[in-house]
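Colleague: Please take a close look at the strand pairing in this model, and then at the helix packing. Give the cut-offs as you go.

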Amino acid sequence: MSTDNTPRAAAPTADDAAVPADGAQPAVRTHLGPVRGRRRESGAGAVDVWRGIPFAAPPVGELRWRRARPATPFEGEFDAATTGPVCPQERNPAIRLGADTVMDEDCLNCNVWRPADTGPDARLPVMVWIHGGAYVFGSGSQPLYDGARLSATGGVVVVTFNYRLGALGFADLSALGDEFETNAALSDVLAALGWVRDTIGAFGGDPANVTVFGESAGGGIVTTLLTMPAAHGLFHRAIAQSSPATSMYEQARAQRVTAAFLEALGLGDSPSVDQLREVDAAATVVASMRAFTDVPSTNPGTIAFAPVIDGDLVPQHPLDVFRAGESHPVPLLIGTNRDEANLFKWMKSPLMPITTADIERMFADIAREHPEVTLPARAEVAAAYSGLRPKVAGLGVARDVAFRMPTIWVADAHSARAPVYVYRFDWATRMLRMLRLGAAHATELPYVWGNLVSGSKDITFLLGGRADGEKLSRRTLGRWAAFARTGVPDVDDDNQDAPEWVGYTTDSRAVLVIDAQDRVVDDLDADLRRAWGADVLGFR
């Protein structure tokens, strides 16, 4: 549920510096008014870029803790030359927000990349990115998510955007009065997708061919969108990378987290509307992070902030919707990384239960909250991790209960509704293996975006592997873009390192293993499925 938290730097390469290609300043006329961007060279071809475009009204004052409202038209031409503010958050050295990043609650802005000279009638596929960061970190303008290479190489229009984080986006204050609305952050996502529907044609994008893609918390939002009635028709394909699909809770649990947040603010159990609106944004961040740390420490396997099953925007738990055969019938590409949990161990993060004691507490909590659920037998689970040292087995259990098994449960159910493609990302450079990170959480991101290296301090390829990494990136970026174009993630490769990616069904369960040489494996997760069983495990 984190994002680019690895030892590598996460920014475009040096030849991607934002320099004018020919002095052009491309302008488009949107439904909110004219917007002027900049042309730049990407190293893969020239692109036109617009940054910091508002897509919703500032969520401040009376709109704090309320759902996104429409943006107002611009007065004159909007100069989209610079990145807009990001949601207030705690600075995390592992989450590189970019130089000179400004934080402000008025953060609902987006960025657009398109191949240079794309005309308004081009109708290119559109890829809309939802960033990760455990629902408390990150932004759509992180250097890692610079869309120039993906746009130029993939022939797509790329959109990234911000949504509200922590308590500002996910706290359930609805018990305090009608002035507060649930799932503010999800409403931001819907507003961004609505902006794409209404506006992207002016940039040469096809509003009838929109792919949402996201990683970690962003992947969790993607799988949630697939089950939200309000999201119907706003996208046509979906990519979920390392989705914590089961990590969301009903209102009773969400309101307990809110109570902890209010206690950290020092406002008591029933603060007034005015008190909550007057709290300094920095104070909300401090209180959010206290809850963020305390909740998983007290209840292993849970997180403080996530989408809320409110009976409204999220009427039911997403897994229940998937299993009822009622998810939106759009093609889905979904997968995880082989060594997801290694990142959390490396960071000493409280987010995942890795020790035997914490794993035991997690299962005890699930059994207490859901006595109707049949927990997997200890012997069967142990057999799936036999031969591993206890700490390594703990990492495997944490990885699978948080990411891999939710991915399998979603894929099994959704494959009855629409085409599904499942992957596991196994590639790791020698340096990452030496650091015992391997194919950890978020390590696939540079290869999807084509942004492999940044500066002389980047150690990812210090012990070699750059040539193989570049080939892998071309294949992976190509597959993601092909899926956005056609719904089928296949790519031409003269070296035959890109086998046909066979669709996932419950008959064959084909999985693409992404590595130095990709391969397709039938029922890659058979042992895990047998060990964990068919019941969805998680907290509600």
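Modeller: Strand 1 and strand 2 (residues 33-36) run antiparallel and are joined by four bridges. This is a predicted model, in which local features need pLDDT of at least 70, side-chain atom pairs count only at pLDDT 80 or more, and totals for chains, interfaces and linings use all residues. Residues are numbered from 1 along each chain as its sequence is written, and side-chain values use heavy atoms, with hydrogens and water left out.

Strands (E, at least two residues) and helices (H or I, at least four) are DSSP runs numbered from the N terminus. Two strands pair if DSSP finds at least two bridges between them. Within strand 2, Val 35 is the bridge partner of Val 28, and Pro 34 is that of Arg 29. Two residues separate strand 1 from strand 2, and the two strands form a hairpin. On to the next pairing: strand 2 runs parallel to strand 5, with two bridges between them. There, Arg 36 has Asp 79 of strand 5 as its bridge partner.

Strand 14 (residues 420-425) and strand 15 (residues 510-514) run parallel and share four bridges. In that pairing, Tyr 423 is opposite Leu 512 of strand 15.

Contact means heavy atoms within 4.5 Å. Angles run from 0 to 180 degrees between N-to-C directions, and axes are lines fitted to C-alpha atoms, for helices over the stretch in contact.

Just after helix 15, Gly 487 has a positive phi of about 85°.

Now the helix pairs. Helix 3 (residues 184-199) and helix 4 (residues 217-225) cross at roughly 75°, their axes coming within 12 Å. The two are therefore roughly perpendicular to each other. Angles under 35 degrees count as roughly parallel, over 145 as roughly antiparallel, 65 to 115 as roughly perpendicular and the rest as oblique. Helix 3 contributes Leu 186, Val 189, Leu 190 and Leu 193 to the contact, and helix 4 contributes Ile 221, Thr 224 and Leu 225. Of these residues, six are nonpolar, one is polar and none is charged. Ala, Val, Leu, Ile, Met, Phe, Trp, Tyr, Cys and Pro count as nonpolar, Asp, Glu, Lys and Arg as charged, and the others, Gly among them, as polar.

Helix 5 (residues 251-265) packs on helix 7 (residues 281-298) at an angle of about 130°, with the axes 8 Å apart. That makes helix 5 oblique to helix 7. Among the residues in contact are Val 257 and Phe 261 of helix 5 and Ala 287 and Arg 290 of helix 7. The contact of helix 5 with helix 7 has seven nonpolar, two polar and one charged residue.
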